[in-house]
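Reader: I am new to this structure. Please walk me through it.

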Amino acid sequence: MSTKNSSFKIILGSSSMARRQILAEMGYEFTILTADIDEKSIRKEKAEELVMALAEAKADAIISRLKIMDHMEENAESTLLITADTVVDYDGTIREKPSSKEEARQFIKGYSGGHVSVVGSVIVSNLTTGGRKGGWDKAEVYFHDIPDEVIDSLVEEEIMLNVAGGLMLEHPLTLPFIDTVVGTADSVMGLPKALTENLIQEALLLL
């Protein structure tokens, strides 16, 4: 079976299992590289600006490691680098990955019976041409009341320390307490499919 990217290569600049799963569901083959950046050193007031700045910084860090921007053969197969970032906007406060179990507990407890905005960015860099396309997407998540014992179980797993706002929509303990998602689940999980597909196609056209 041929893949959607038989004429170009994709590098996913993320260690997120959810993003890997989503990109694979979209029918693409890809390799993985991760960016080692100090995310806390990049600050913006608005969630949309922050996720775009972080995804750009991840792309720059990976490209710097590859050092292939000026060394691609002419007419070589195009290579696209996809980077992304996600934050949770809770009552106007930007939440990134929890720094501790206690912070994760505080985050999740705050979601009980409430709602949050999940803001995510995608940057697609054409490593062959040096061009770049990017955008952001937003989804609203509404919660039922979450029992304390469920919150304790989620926090003890520590996996919530690796996701924005301690929110993992696809987790089997979380799912029963999701009331409504306004937007798409893939956006909440870190890689909005429609936006990513559009940016891939746009990036391929860059000269």
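Reader: Which residues lie nearest the centre of the largest pocket?
Author: This is a predicted model, where local features need pLDDT of at least 70, side-chain atom pairs count only at pLDDT 80 or more, and totals for chains, interfaces and linings use all residues. Residues are numbered from 1 along each chain as its sequence is written, and side-chain values use heavy atoms, without hydrogens and water. A pocket is an open set of 1 Å grid points over the protein atoms alone, where a 1.4 Å probe fits, with protein on both sides within 12 Å along at least five of seven lines; lining residues have an atom within 4 Å of a point. The lining here has 32 residues, and nearest the centre lie Ser 16, Arg 19, Lys 97, Asn 162 and Val 163.

Reader: Which helix gives the most to the lining of the largest pocket?
Author: Helices are DSSP runs of H or I, at least four residues, and strands are E runs of at least two, numbered from the N terminus. H1 (17-25), S3 and H5 (185-189) each supply at least two lining residues. The top contributor, with four residues, is H1.

Reader: How far apart are the end C-alpha atoms of helix H6?
Author: H6 covers residues 193-204, which is 12 residues. The expected span is 1.5 Å times one less than the number of residues.

Reader: Which residues of H6 are buried?
Author: Buried means under 20% relative accessible area (1.4 Å probe, protein chains only). The buried residues of H6 pack against S1, S3, S5 and S6, with contact meaning heavy atoms within 4.5 Å. They are Leu 195, Thr 196, Glu 197, Leu 199, Ile 200 and Ala 203.

Conventions. Buried < 20%, exposed > 50% of the residue type's maximum accessible area, 1.4 Å probe, protein only.
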